[in-house]
Amino acid sequence: PCSTRLQGEAAAFTAALRTLVNNPQFSDVTFVVGRERQKVFAHRCVLACRCQAFQGMLGQGLAGSEDPPGSIPPQGPFILGNVQPDVFLAVIEFLYTNSVTLNSHIALEVLTSSVEYGLQDLCKLCVKFIKDTLSVEQVCEALQAAVTYGQTDLQQHCLAFIEGCTAAVVRTQGFHELSDVVLARVLRSDRLAVDELDLVQAVREWAHVSSAVLERPVPEVAALPVQELRLPLLAPSELATLESHNQRDLLIPVESIAAAWRSHALRKGSGVPSRLCRPRRGTRPRDHHRHLD
C-alpha cells in the first residue's frame, strides 16, 4: 500500500515542547548552572536525540562538568559553573523548539555554546542576530568571537561595520580588548574612516591596556599591530612629534620610524611596503602624499 507522511501544525508542536523547557515535571536530568547555582531541568531523550555532544556527555558524565565521570547518578545534578543560566537555557530552548530567544547580552555567549556543542543551526541563528543588532560598543567583541570560531561571514560584516564608524569604535572598551592578531587584521584595511595620526594614538592606548592586562612590555604586546601603522602618511612635523612621544614607551620600533623618514627624504615610498604608503578612506590629505608610490 502507498504511504504518505502528513505534517501537522508545526507551531502547535513547538508550543507544546516549549512548555517542557526547564519544567521539573517528568524531568529526568538536572543541571546546576552558573555562579548562581540555578537548577535547570531537562529530559535526557530530548537532549540526546537533538545533540550528539549531549548524547555522549549524558552517557559518561558531562564533559565540562566539575564532577568526575561516574561520580554522579544519571539524573545528575551536573554542575556547570562556567556558563550563565540564561545562556544555557537558550541552548536548551533551541534543542526543544528549534528556535531561540536572544538579546544583545547573551548572543555572543550563546554563539560560543553553539560551537562547543556542535549545533550548527543554532550557530547560524546567533550569527544572524549578531549581524542584525551590531553596535559600536559590541562590534569588536563580535569580531573577536568571529575570528575565534572561524565565522568568516561575521568577520567580514564586523570589519565593514568598523570601517564605517572607525573613530567611534576605537574609543570603545571592546577595541582595547582585541587580541593583537585581530587588531592587526583590522589595521590592514584601506577603508578605515579615521586619520592615521588618530589611529596611532588608538593603538598606543590599546597597547598600554594590553600591557597592563598581560603584564608584558608595551613594545612586546604591540609588535604585530604596529607593523600595520602607515607612518609614511604622516607629515614631517607629525612624525617628529611621534618620534619624541615614542621615547616614553617605545611603542614603535626605531626602524619603522627611520623608514618613514627615509620615504620623506627620498620623496617616495621606497624602502617600506607599498601598503604602508596607501592612504586610507579617512586619511587627511598631506602635501607629501603626491610623492608616495
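View 1. The model is a predicted one, in which local features need pLDDT of at least 70 and side-chain atom pairs count only at pLDDT 80 or more, while totals for chains, interfaces and linings use all residues. Residues are numbered from 1 along each chain as its sequence is written, and side-chain values use heavy atoms, with hydrogens and water left out. Strands β1 and β3 (residues 78-80) run parallel and are joined by three bridges; two strands pair if DSSP finds at least two bridges between them. Strands here are DSSP runs of E with at least two residues, helices are runs of H or I with at least four, and both are numbered from the N terminus. With β2 (residues 38-42), β1 runs antiparallel through five bridges, and Val-40 is the β2 partner of Phe-31. Four residues lie between the strands of the β1 and β2 hairpin, where Gly-34 has a positive phi near 75°.

**View 2. The two faces of β1.** In a regular strand the side chains alternate between the two faces of the sheet. Val-29, Phe-31 and Val-33 are buried on one side of β1, and Thr-30 and Val-32 are buried on the other. Buried means under 20% relative accessible area, exposed means over 50%, and partly exposed lies in between (1.4 Å probe, protein chains only).

**View 3. Phe-88 and the nonpolar cores.** The largest nonpolar core has 77 residues, of which Phe-31, Leu-47, Phe-54, Phe-88 and Leu-231 touch the most other members. Helix α4 gives the largest share of this core, nine residues. Such a core is a set of buried Ala, Val, Leu, Ile, Met, Phe, Trp, Tyr and Cys residues joined through side-chain atoms within 4.5 Å. Leaving aside neighbours within four places in sequence, Phe-88 is in contact (heavy atoms within 4.5 Å) with Phe-31, Val-33, Val-40, Phe-54, Leu-80, Val-83 and Tyr-117. Another core, of five residues, lies apart from the largest one and includes Leu-233, Ala-259, Val-272 and Cys-277.

**View 4. Helix α7 and its cover.** Val-139, Cys-140, Ala-142, Leu-143, Ala-145 and Ala-146 are buried in α7 (residues 139-148). Among the elements covering these buried residues are α5 (107-116), α6 (120-132) and α8 (152-164). Gly-150, which follows α7, has a positive phi near 65°.

View 5. The structure holds 14 salt bridges, each a side-chain nitrogen of Lys or Arg within 4 Å of a carboxyl oxygen of Asp or Glu. Glu-93 and Arg-18 form one of them, at 2.7 Å from N to O. Because Glu-93 lies in α4 (residues 85-97) and Arg-18 in α1 (residues 10-18), this pair ties together parts 75 residues apart in sequence. Glu-93 is buried, at 10% relative accessible area, whereas Arg-18 is partly exposed, at 36%. A salt bridge also joins Arg-230 and Asp-190 (2.7 Å, N to O). Arg-230 is buried, at 1% relative accessible area, and Asp-190 is partly exposed, at 30%. In the salt bridge of Glu-196 and Arg-280, the closest N and O atoms are 2.6 Å apart. Glu-196 is in α12 and Arg-280 in the segment after α15 (254-265), so the pair ties together parts 84 residues apart in sequence. Both Glu-196 and Arg-280 are buried.
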